Each structure stands twice: as C-alpha cells, then as structure tokens.
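This report examines selected local features of one protein chain. Please consult the sequence and the structure shown here while reading.

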Amino acid sequence: ELVGKTQKEVIEDLGDQAYFDPKTQTHMLAEDYLSGNVVEKLELARESLRNNPSLQRNVSALEAVQPEPILAKDISANLGSVWVPIETIQQFAAEVLGVKRAEVKHLKLNNTWTVDGYGGNLEYSSGARKTTELLASILGSKQIVIKTKMSDGTSVLNEVATQEANDAADKIKDAWKNWVWEDNNRAATLSEIYNKMFNNIVPAFYGNGEHLTLDGMSSLIKLR
C-alpha cells in the first residue's frame, strides 16, 4: 500500500533481488536467501521444484553460489571421525582386517564405540588385544594400555604387551589411510558427505546499496 502496488507487483519489480523460500513460505531478499546453508537450500528447492516450477530460478541461483567442493586429497578421514559412515568402517573391518560379521556401533552420548565380530588378520592384533578391541579403541581415541595382575592383587604396566598392542593399532591406522580413498566410488561418496556437512555455508553480503533506486531523491544530496 505504501508504494501503491500489490504484493505481486512489488515482488515482480524486485526481480532477482528477492526469492520465495519454500521452507518459510515467505519472500526473502537475495542477500539472505543466497547465503547461509546454501547446500540445504538447494536440496529443498530441487525437491519443491516438482510441485512449483517457478522455483527453477531458485535452483539456478543457488547452484551459482555453491561453495567450491573440497577435494578428497584435502579431506582428513580418520577412524572415528563423526562424519564417516559406520557402514564404511564395517566394510574396512571385513575387507582389510579380516573380521567376520563385523558390526560397529557408536553411542554418541558418551562417544563409546563397540566392534563385534570374530577372527581377524593376525598382523592387526596382539597377544593381549583382539583386532575388534583395537579397532574400538582407535575409534574412541582411547589409550591402549595393557596391565598384568600380580599375585597380591595389584596391576602393573606390561610394557612389552602395551607396545605390541599399540604397534598393531598403528598398522590398523595405516591400513585405513591406504584403503579409505583408493576406491573412486567410495572416495566420491565420502567427499560428498564431508562437503555437505562441513562445506555448506556462504556468508551474506549486502554490498553498498548500489542496486537500490529511491524515487525522488536528488543525486546532488550527499549523505554524511
């Protein structure tokens, strides 16, 4: 009413300076809509496009502002990283470590990892720790310490057994690093997951207002 136009006319006049947000069901300035989690916004725009063809402009605009993908060679995918799927770890345990019926579980509340299964290649275990136990310790970033119980009931550090267990754990870590990125399909999947979770934000930029037109304002007037 202030500008003597309908809402539809105002939106049309704004053109690419405003977009309809299917999440909030309201119109937003381009600076706000094309910033923030643009990966999530693009997914929603593509889903909503099936029922609202006018959102094609949203899809095109959001595609243009997507962050440059971080390549696999620049991503650190350590065992225990929260973004690595449990299914990938189970596949590693079965294919590389030789664990049969491998089942990995993660309790996020206290970051507790359990690895069930049986068997395992001997090089990935020690006399005091099974492969599954070592893998669980690595996933939970737990220190691997082996103690020997004495006749008087006390426990003392077994340096030899501790070193053997940690050596086997290091072999598991090295095997993971060599395996995790070697398959192109797995590398593509992991890269997509990582980028979606951690490379999804674009900061808002409001510029200097050059796109604004103020009817009746004199160009001779300079604001201090």
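## Basis of the description

Helices are DSSP runs of H or I with at least four residues, and they are numbered from the N terminus. The structure is a predicted model.

## The second largest pocket

The second largest pocket holds about 260 Å³ of space. Two helices, α3 (38-49) and α8 (184-198), each supply at least two residues of its lining. The most is given by α3, with four residues.

The residues that line this pocket are V39, L42, E43, R46, Q66, P67, E68, P69, E192, N195, K196 and N199.

## Aromatic pairs

A pair of aromatic rings is described by the distance of the centres and the angle of the planes. With ring centres required to lie within 6.5 Å, the count comes to six aromatic pairs. In one of them, the rings of F92 and W176 have centres 5.2 Å apart and planes at 85°; planes over 60 degrees apart count as edge-to-face, so this pair is edge-to-face. The pair links distant parts of the chain, since F92 belongs to helix α5 (residues 86-95) and W176 to helix α7, 84 residues apart. Both partners count as buried, F92 at 0% relative accessibility and W176 at 2%.

W176 also forms an aromatic pair with W179, which is tilted, at 5.7 Å centre to centre and 40° between the planes. These two tryptophans both lie in helix α7, three residues apart, or about one turn of the helix. W179 has 4% relative accessibility and therefore counts as buried. Elsewhere, ring pairs link W83, Y194 and F198 into a cluster.

Is T162 buried or exposed? Residues under 20% relative accessible area are classed as buried; T162 has 12% relative accessibility, so T162 counts as buried.

Which residues does T162 touch, not counting those up to four places away in sequence? They are I144, V145, I146 and L157. For I146 there is also a polar approach: a polar atom of the T162 side chain lies 2.9 Å from the backbone nitrogen of I146.

Definitions and conventions:
Residues are numbered from 1 along each chain as its sequence is written. This is a predicted model: local features need pLDDT of at least 70, side-chain atom pairs count only at pLDDT 80 or more; totals for chains, interfaces and linings use all residues. Side-chain values use heavy atoms; hydrogens and water are left out. Buried means under 20% relative accessible area, exposed over 50%, partly exposed in between (1.4 Å probe, protein chains only). A polar contact is a pair of N or O atoms within 3.5 Å; within protein, one must be able to donate a hydrogen and the other to accept it, and residues adjacent in sequence count only if both atoms are side-chain atoms. Contact means heavy atoms within 4.5 Å. Rings of Phe, Tyr and Trp (its six-membered ring) pair if their centres lie within 6.5 Å; planes under 30 degrees apart count as stacked, over 60 as edge-to-face and the rest as tilted. On a 1 Å grid over the protein atoms alone, a cavity is a set of points where a 1.4 Å probe fits but cannot get out, and a pocket is an open set with protein on both sides within 12 Å along at least five of seven lines; lining residues have an atom within 4 Å of a point. Grid points are joined across faces, edges and corners, and a volume is the space filled by probe spheres set on the points.
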